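Morning, everyone. Sequence and structure are coming up now.

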Amino acid sequence: MSTGVTISSISDYAILGCGSVGYAVAEELVEQGKDVSIIDRDESRVESLRDQDLDAQTADIRESEIAELVADRDVVLILASDVESNKRAVEHIRNSGTDQFIVARASDPVSGDELSDLGADIVINPSSVIAESALRALESGELEYNAGKLAQLVEETSTRLAIITQDSPDPDSIASAAALQAIATHLGIESDIIYLGDVGHQENRAFVNLLGIDLVQWDEIEDHSVYDTVALVDHATSSDMELPVDIVIDHSETESEYEPEFVDIRPNMSSTSTIMTKYIQEFDMNVSEEVATALLYGIRAETLDFKRDTTPADLTAAAYLYPFANHDTLEQVESPSMSPETLDVLAEAITNRDVQGSHLVSNAGFVRDREALTQAASHLLNLEGVTTTAVFGIADEMIFLAGRSKDIRINIGKVLDDAYGEIGETAGHSTQASAEIPLGIFTGIEISEDTRDTLLDLTEEAVKRTLFDAMGVEGSSSEGSNGS
């Protein structure tokens with residue numbers, strides 16, 4: 001038998017109580033070459049164990065003599081089905097003054113606590129172990145079923161598969177799309193990764209360029225009808241498309257009213273890259289360096305290098321990808337050069353910063369690259385005494401706002417939603433978020449060259465007042481200092 005358990009260099013074990021659980025453990029240890037001594041009070045069972053060339057003897061584990069019988073053993077596993085007997089055995093061994101490592105079997109959380117109090121180093125509950133094993137088997141079975149259904153849908157593509165990312169795709173969305181494209185190629189289907197907005201953030205552009213990921217802008221495609229299968233990955237939207245959606249894969253619930261044939265949405269995972277890594281493994285593919293690097297970075301970016309909302313699934317996926325990824329490329333992606341536009345926005349944000357306590361809000365003015373707001377918000381978070389930042393700017397008759405926070409008392413995503421959720425669109429997490437607000441809501445003034453400065457002044461006052469109020473800053477009249 002092989003359970004995949006790896007035992008340490010310890011070689012001397014005692015098993016007290018050799019029912020079905022004890023026998024399974026004994027068989028595994030013996031197979032791994034360990035010296036195992038078995039003690040059970042059932043004479044016929046002991047005789048049967050001896051017939052199998054196992055070292056077994058008859059004794060009652062409830063009696064004090066048990067401590068002397070196992071005194072030469074490094075590890076004692078007390079696995080009888082009678083928990084009261086297990087308690088007595090733990091008590092006798094601990095009272096003998098030895099420092100053996102004890103694993104004891106419980107029947108429920110209460111008896112588990114009692115065994116721990118008596119001195120057991122590890123307490124196991126077979127019911128919990130069986131439940132966890134059943135859930136793992138269920139998850140594995142569901143993944144196998146989903147992979148088969150996904151493969152069937154992809155293989156039914158007669159012309160081309162469209163893989164749609166976020167409008168302005170982030171690393172998780174891009175990596176997930178690249179993984180689905182790799183799966184499609186593995187299944188012999190041609191595909192394109194498509195976005196409807198722009199790849200604005202410098203880090204995202206570096207990500208795409210360094211890994212050689214081909215993204216196609218929706219408006220540049222001459223014939224959209226070539227795509228007879230459409231997949232949305234990681235919060236993709238089809239607001240500007242007139243194609244039916246067949247596949248949705250995401251780690252967050254979507255509010256869009258799609259009726260796809262295949263849906264895999266898992267809020268218990270922190271990134272869509274994690275989900276796609278599981279599919280890569282299920283299809284037993286040779287993951288390329290580019291896809292592995294993209295997926296690993298997608299997981300890291302979405303979890304803030306495993307510091308935010310990280311799940312065991314994210315960690316196991318990252319561990320699988322790690323040896324296949326190009327870590328020099330990852331370092332380059334994480335440290336892209338700053339464009340002149342971003343530098344201008346950062347300079348404007350620094351000059352116009354308004355600090356109220358540990359909260360900073362800044363107006364970057366009219367911007368061409370709205371993704372520069374995100375980088376400015378991140379850089380300003382490094383200022384001494386600042387734990388929360390929000391940088392906003394105006395572009396295309398919209399106010400775009402990027403927020404960042406390292407204050408554990410603040411959920412910046414909720415702050416922006418409270419402030420602007422009813423008048424605009426917000427998205428984000430506890431540490432980073434964004435908002436888009438129609439400019440006219442604050443001003444009622446038609447935008448022209450003559451009204452630009454007036455709009456900027458009115459917008460700054462309205463946005464700051466609303467945002468500081470949502471942050472709970474008292475006396476937020478936007479008359480704070482610029483931190484100088």
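**Salt bridges and a loop contact**

Start with lysine 87 and glutamate 114: their side chains meet in a salt bridge, N to O, at 2.3 Å. That pair links distant parts of the chain, 27 residues apart, with lysine 87 in helix α4 (residues 83-95) and glutamate 114 in helix α5 (residues 109-118). By salt bridge I mean a side-chain nitrogen of Lys or Arg within 4 Å of a carboxyl oxygen of Asp or Glu. Helices here are DSSP runs of H or I, at least four residues; strands are runs of E, at least two; both are numbered from the N terminus.

A word on the source. This is a predicted model, where local features need pLDDT of at least 70 and side-chain atom pairs count only at pLDDT 80 or more, while totals for chains, interfaces and linings use all residues. Residues are numbered from 1 along each chain as its sequence is written, and side-chain values use heavy atoms, with hydrogens and water left out.

Back to the pair. How accessible is lysine 87, buried or exposed? Lysine 87 is buried, at 14% relative accessible area. Glutamate 114 is partly exposed, at 32%. The cut-offs: buried is under 20% relative accessible area, exposed is over 50%, and partly exposed lies in between, using a 1.4 Å probe and protein chains only.

Next, aspartate 121 and arginine 94. Their side chains form a salt bridge at 2.8 Å, N to O. Again the pair links distant parts of the chain, 27 residues apart: aspartate 121 sits in the loop between α5 and β6 (122-124), arginine 94 in helix α4. Aspartate 121 is partly exposed at 41% relative accessible area. Arginine 94 is partly exposed too, at 22%.

Now a pair within one helix. Glutamate 460 bridges to lysine 464, with the closest N and O atoms 3.0 Å apart. Why about one helical turn between them? Because glutamate 460 and lysine 464 are four residues apart in helix α17 (residues 452-471). Glutamate 460 is partly exposed, at 21%. Lysine 464 is buried, at 6% relative accessibility. Elsewhere, salt bridges with shared partners join Asp35, Asp72 and Arg73 into one network.

How many salt bridges does the whole structure hold? The search finds 16.

Last, leucine 304. This residue lies in the loop between α10 (289-302) and α11 (312-321). Leucine 304 is partly exposed, at 30% relative accessibility. What does leucine 304 touch, leaving out residues up to four places away in sequence? Thr431 and Gln432, where contact means heavy atoms within 4.5 Å. Leucine 304 and glutamine 432 are 128 residues apart along the chain, yet their C-alpha atoms are separated by 9.9 Å.
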